[in-house]
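Here are my notes on this one, as numbered points. Have a look at the model first, then read on.

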Amino acid sequence: MNLKLHKLIIWVALSLACVSPSLGQDLKQEKKDTFNLGLSLKNIVDLAITQSSSLKYAQNQHVSYYWRYRNFTKQFLPNLILNGTLPNYTESTVPVTQPDGSIEFKQVANLSIASNLSLNQYIPLTGTQIYASTSFARVQDYNKNSTLFSGSPFSIGFNQPIFAYNWMKWNKRTEPMVYDESQKNFIQTIENIAYNATSYFFNYLRIKTNYNLAKSSFENSSVNLKIARVKKKLGQISDNDFSRIELSVLNAQKSMNSAEMDLKNADFSLKSYIGLDQTVKIDLQMPLLISLFDIDPQKALKEAKENRSEQVYYQRRLISAERDLTQAKRSTGLSATISGNYGLSNSADNFPGIYHQPLNQRVLQLNFSVPILDWGKASSSVKMAESTRDLVTFDVKQSLEDFDRGVIVQVEQFGLLKDQLKTAKEADKVADNGYIIALKKFQNGEISITDMNIASSERVTAKLDYINSLATYWLAYYRLRMLTLYDFELDQKIRYDNPMLSSELDKRTPSVKK
């Protein structure tokens, strides 16, 4: 007997030795698989505003507006342009007008080159274009075997529209506002991402809590069923009550399976939004540390007006409406353009001869256009523009009132959350204790399955109400940040940098010598 026992011990030891390496790896893998990354609400928000796809889109959009504004500012800087034709060879028969007015066809064969160097500048205030230029041309005639040069060593001129729509003047007003809007919209978008991340966070937390409650209910129902089976054998429970307990187990299992599926969907949605790897297992921590602080509604409204893009947008809409009305008026009446040019010009048999005693060159020209009969098109265009301006004015006024009221209401709602949170927390604690007491009484046969189900339902309702109260607070907190772009905890404006523009902004920032 001792020999057999000794052999058995040796066989077990060898078996364990053989399987121990793979068993150790399995245990390590299981430990790795069951590791959960603990994430707080702040962690989720930080991930969303640093690596989410929504952030990448906001950054690229911000960059686009930045270059749009840079391109706009370059339009009003002097432009140096070189134009030319090199070469232009012609060999054909062309009509030539003779001194007596008759036309003869002659064979032409020549090679010409020309160039013009001009410096142009626009004046946005008046819509004037001024320029300075120099030019020359060379023509080689193969039939006459001769070469001629001509050119303008120096020339200055201007083009001045009269009674015309000055697009430069209006763009100088609206384009900086568009860029200012984009700057504020960039911050608003990031705060909106934080708000959405908070919504995803609490959606996951709500579903995870529901799953935990469903799982706990299933486990407790299973224990109750085991107790009921013992009582049935002892004849201490009726068939009707036993059937109801069995049904409660099936319903609990069904609820748990449904909650598990909802949890998987919520897990996928949350990770997708914040840009987290789907293989990472997470464990969200309930944000219980809440700082309740008072906010002055007038300060919140002041910050909202200064920081939000809506104020700039509404002002730009009014300016654009006035611009469209001005364009309608200027495009339907008398329009004229006066042009002037003064310079020197010459022709010679060689290139240096162009600059030898050049002759004066003067040009003054006035072009105009006057509509004589347009069947009322001009007046209808103006009336339509006036109607649009009045509509925009009314709409902007209403939008400003709605904006102010929205900020004030949000601040007032935020101030009422303190009592709501306290009440929900106490209700959750009471319902939890009531469920534990009801569970013990049911297992002792002191209450019925109906009372047990009522206690379980109250527990679930109180727990979800508490989480909803937490969600309401944090969503209100981030919505208030989003509405004002102001951090009331730190008492400072919210600012974000765009890393895609960091190198470009560094180039434009002058270095300071120490």
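1. How much space lies in the largest pocket? About 450 Å³. Before going further: this is a predicted model, where local features need pLDDT of at least 70, side-chain atom pairs count only at pLDDT 80 or more, and totals for chains, interfaces and linings use all residues. Residues are numbered from 1 along each chain as its sequence is written, and side-chain values use heavy atoms, with hydrogens and water left out.

2. What lines that pocket? There are 22 lining residues, and the closest to the centre of the largest pocket are Ser217, Ser248, Ala252, Ser255 and Ser456. A pocket here is an open set of points on a 1 Å grid over the protein atoms alone where a 1.4 Å probe fits, with protein on both sides within 12 Å along at least five of seven lines; lining residues have an atom within 4 Å of a point. The volume is the space filled by probe spheres set on the points, which are joined across faces, edges and corners.

3. Helix 4 (167-233), helix 5 (239-274) and helix 10 (449-484) each give at least two residues to this lining, with helix 5 supplying the largest share, nine residues. Helices are DSSP runs (H or I, at least four residues), as are strands (E, at least two), numbered from the N terminus. By class, the lining has nine nonpolar, eleven polar and two charged residues; Ala, Val, Leu, Ile, Met, Phe, Trp, Tyr, Cys and Pro count as nonpolar, Asp, Glu, Lys and Arg as charged, and the others, Gly among them, as polar.

4. The second largest pocket holds about 380 Å³. Of its 19 lining residues, Lys42, Tyr477, Tyr478, Arg481 and Asp487 are the closest to its centre. Helix 2 (41-51), helix 4, helix 10 and strand 10 (492-493) each give two or more residues.

5. Now for a helix pair. The axes of helix 7 (residues 310-330) and helix 8 (residues 377-415) come within 8 Å and cross at roughly 170°, so helix 7 is roughly antiparallel to helix 8 (angles over 145 degrees). Axes are lines fitted to C-alpha atoms over the stretch in contact, and angles run from 0 to 180 degrees between N-to-C directions.

6. Among the residues that meet (heavy atoms within 4.5 Å) are Tyr314, Arg317 and Leu318 in helix 7 and Arg389, Val392 and Phe403 in helix 8. The contact divides into eleven nonpolar, four polar and eight charged residues.

Key
Parallel < 35°, antiparallel > 145°, perpendicular 65-115°, else oblique.
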